Amino acid sequence: MRGLMMEYQLTVPSILRRAETLFGKKEIVSCLPDKTIHRYTYSDFAKRSKKLAVALYELGIREGDRVATLSWNHYQHLEVYFAVPSIGAVVHPLNIRFSPDDLSYIINEAEDKILIVDQVLLPLFEKFKSLVSVSKVIVIPQTQELIPKEYLNYEIVVASGDESLFQPFEGDEYAAAFMCYTSGTTGKPKGILYSHRSILLHAMSSLLGCCDIGITERDVVLPVVPMFHASAWGFPFNCTLVGATQVFPGPHLDAGSLLHLFQTEKVTLTGGVPTVMLSILNKLDSDPHKYKLFLRIIMVGGSAVPRFLVKSFDERYGIKVLHTWGMTEISPLGSSSITTSKLANASKEEQYDHAMKQGMPVPLVEIRGRNEFGFIPWDGVTMGELEVRGPWVASSYYRDTEPSTKFTPDGWLRTGDIVVITEDGFIEIKDRSKDVIKSGGEWISSVALENALMGHPSVLEAAVIAVPNEKWMERPFAYVVPKEGKTISFDDLKEFLADKFAKFWIPEGYAIIEAIPKTSVGKFQKSALREKYNKEHVSV
Ligand code: AMP
């Protein structure tokens, strides 16, 4: 017997409709490239998104067509996020930190029809323009300079759309709405296609109080994470669904500019990778009384959170750092390090230890771990590769022609993350499968060593890689960036690590470098360090 509930499709325009109906007066704030602040209401946003949707339709965009963006985080990008899926087309944000070669490869593979680009990013577009064949380029005006004649002006396009002709997509909720490419450091980037349904369910789940994120209408949310990376972790969708005030930093991602916006806009929740939050902490520490902050949560993910980051924000500024884990393939939220009833009364130090874990899967995401002996026990000790499934987990890659090793025969995604799972169902990532160090048959977690090293008072950043060793096969080697004006000796570091790890975990060697190379989304790029090591054969 079928249930007798309505067949209500979970689609992106339903989010827009809700925001317009209920939160029309709430604000969306953007810091523009010239640092001026743009403000408008959800009402303005909905009107302009609908006008843009109609205009794009008139420019030839139809269901399933891809519309790419090359943009920072700002209100016009948000409009595109909603306008494109609202006519059944697919919005495809491009990672502006990809190389021109990768960008042209992606645009051609995705067969993007229209490209919407920030005027300040035109120099980047010019680098690969001749390699791509989009039918139209729309430029978002941001400077006094004239927009070249061969391009359309975004504002003129929006103005041309007749809102009364807006017909929201009401088709199949499984239709594609959003596309993003992985920022993997090996091989070509791969396309992931989010559906209307997966976007809605992901937004709903991330909003649940049980994930400890709990964004509400009262929140003022500033996503530091770019809208070109895994849909800015879904903030544009979940914030719009609940009518939270949204604050976009534009291209101004330095700690000073972010702290200024946190203060002036009374931001209550932000999210980004640990490296950005580290720079914010350092800036705050350099003058602790300069900023008055209203932040209740800093959501951190993308890489493991160093313990001292959690402790320092809590102890010195009363701000909770919430550790989350995800992947582009998972829309991206997979787990969050919630404070369970068991932990609520634990000591602060225990809570900080706990915050190092990537957390419990969010509702509807299922997890399991597997090693060469089969599924791992949930004992917090046995390591294995994490596998996941759920309604916002990719089932395959876009146009993947080779048989993918990323999916198990029974349809779970193999994450490539080596984890232990505790008896309470908390994931702790020990490494990426390609980064884990296998020394004398035992696994050493490079992440654990890095986090410990970054807790040393003179260390700004540290990354640990596996280097070849005749006796042990592999040994850990640490690259360390000292804090400004500090010097560090190897013996000092060894001593610092001695009481924290088994002897065989302590790195064999180390080298000081100016900065750890980063990926396009701000994670440590260990492949570059491995290349560096191989080139230089650094040994101590
Ligand atoms: P991306 O698709 O670029 O978001 O990268 C996904 C990968 O980032 C995951 O498979 C993990 O290896 C890593 N990652 C994401 N969040 C965390 C975290 N909280 N701790 C450690 N690694 C993480």
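**Reading a pocket and a contact**

User: How do the residues lining the second largest pocket divide by class?

Analyst: The lining holds nine nonpolar, four polar and seven charged residues. Nonpolar means Ala, Val, Leu, Ile, Met, Phe, Trp, Tyr, Cys and Pro; charged means Asp, Glu, Lys and Arg; the others, Gly among them, are polar. This is a predicted model, where local features need pLDDT of at least 70 and side-chain atom pairs pLDDT 80 or more, while totals for chains, interfaces and linings use all residues. Numbering starts from 1 along each chain as its sequence is written, and side-chain values use heavy atoms, without hydrogens and water.

User: Which residues lie nearest the centre of the second largest pocket?

Analyst: Arg307, Met356, Ala448, Asn451 and Ala452 do, out of 20 lining residues. The space in this second largest pocket is about 480 Å³. Helix 14 gives the largest share of its lining, four residues. Helix 11 (307-317), strand 21 (427-432) and helix 14 (446-453) each supply at least two.

User: At what angle do helix 3 and helix 8 cross?

Analyst: The axes of helix 3 (residues 75-86) and helix 8 (residues 235-242) cross at roughly 85 degrees and come within 11 Å. The two helices are therefore roughly perpendicular, a label for 65 to 115 degrees.

User: Which residues make the contact?

Analyst: Leu78, Tyr81 and Phe82 of helix 3 meet Pro236, Phe237 and Thr240 of helix 8, contact being heavy atoms within 4.5 Å. By class, five residues of this contact are nonpolar, one is polar and none is charged.

Notes:
Axes are lines fitted to C-alpha atoms, for helices over the stretch in contact, and angles run from 0 to 180 degrees between N-to-C directions. Angles under 35 degrees count as roughly parallel, over 145 as roughly antiparallel, 65 to 115 as roughly perpendicular and the rest as oblique. On a 1 Å grid over the protein atoms alone, a cavity is a set of points where a 1.4 Å probe fits but cannot get out, and a pocket is an open set with protein on both sides within 12 Å along at least five of seven lines; lining residues have an atom within 4 Å of a point. Grid points are joined across faces, edges and corners, and a volume is the space filled by probe spheres set on the points.
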